[in-house]
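Hi,

Here is the structure I promised to pass on. Have a look first, and my notes follow below.

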Amino acid sequence: MKTVKWGIIGCGNVTEVKSGPAFQKIANSELVAVMRRDPAKAEDYARRHNVPKWYTNAQELINDPEVNAVYIATPPSAHKEYTLMCAKAGKPVYVEKPMAMTFEECNEMISTCQEAQVPLFVAYYRRRLPRFLKIEELLHKEKVIGTPRHVNCVLYHSLETRYQNPQQLPWTVQPEISGGGIFVDLACHTLDLLDYLFGSIVSVRGHATSQQKAYPAEDTVSMSFLFENGMHGSGMWNFGSHTRLDTVEIVGDQGKITFATFGDGPILVYDAQGLTQTIIVENPEHIQQSLIETVVKELLGETGCPSTGTTAARTTWVMDQVLNEHREQKG
């Protein structure tokens, strides 16, 4: 492979700016085909983004001999099916997050791709965003907070209008499509980032409930967790709050770092006397581009991508531990 020629399955909102244009801006990478079930929308996307081909059938895109790698940007309920189709065709896969509906689905995707000798990558792009690489440097190279001891995560949202009409709910709060609620859609980013910064989470305790009963999925999750390295963690996700709050606090024996998972607000560093650094690192226009660059390089035989099926499955396992009881109660 000298040039990675991509096909996108599911050219929806996430592909407009976050990911889609990056495939055409990276060296030795081209976007040659897109697929969406609605022909008008598929054709419109191809026209606006200068993509030569468009399809309404995923198998036809996968079978296109010019396509040699596939980006799956559908809701999670289709991730496994399309990944297995790509593996059967021998084509590398870059799949959106969360990786799949359950940890069991993740394992099936991993094993099938391994048997077919097909690379499998997942779009946990914070592993290569400059602001989080700066946090990694502060923690592990500069050791500005000494030895990390505990991390606390908080994400609060109000109940948005779009979640208040039970007849027109977004797919993100329909568990049969998303695997859960907004927790699954958003918390996976934080949990995967923590896996990247500190290694595997090996024990999880928590609760998931639907306090507002506005939609079928959970709207409140609290959890505590333990990393393989002995570090402790806790988190609270509530989507019925009076306001929005997004903060991750990493506490060490010599200080702490706080930052937001979403947006590009300041990274704050404290020691025992108080605030010592305020660091601003802006996000790039196409937020997935840095990670996609590592995917392209690996497919061309260079350096490896840090977000694989194996790493992403660990995040799904963590979410399953706290959601399974709620899923069983919902039947």
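One term before the rest: a residue is called buried under 20% relative accessible area, exposed over 50%, and partly exposed in between, using a 1.4 Å probe and protein chains only. By that rule Tyr 94 counts as buried, at 0% relative accessibility.

Some housekeeping. This is a predicted model, so local features need pLDDT of at least 70 and side-chain atom pairs count only at pLDDT 80 or more, while totals for chains, interfaces and linings use all residues. Residues are numbered from 1 along each chain as its sequence is written, and side-chain values use heavy atoms, with hydrogens and water left out.

Now to the aromatics. Rings of Phe, Tyr and Trp (its six-membered ring) pair if their centres lie within 6.5 Å; planes under 30 degrees apart are stacked, over 60 edge-to-face, the rest tilted. The structure holds 10 such pairs. In one of them, Trp 6 and Phe 23 have ring centres 4.8 Å apart and planes at 55°, so this pair is tilted. Both Trp 6 and Phe 23 are buried. Trp 6 also makes an edge-to-face pair with Tyr 94, at 6.4 Å centre to centre and 70° between the planes. Trp 6, Phe 23, Tyr 71 and Tyr 94 form one aromatic cluster.

There are charges over rings too, meaning NZ of Lys or CZ of Arg within 6 Å of the ring centre and within 35 degrees of the ring normal. Arg 131 has its charged end over the ring of Phe 132, 5.0 Å from the centre. Lys 256 does likewise over Tyr 270, at 4.9 Å.

Cheers
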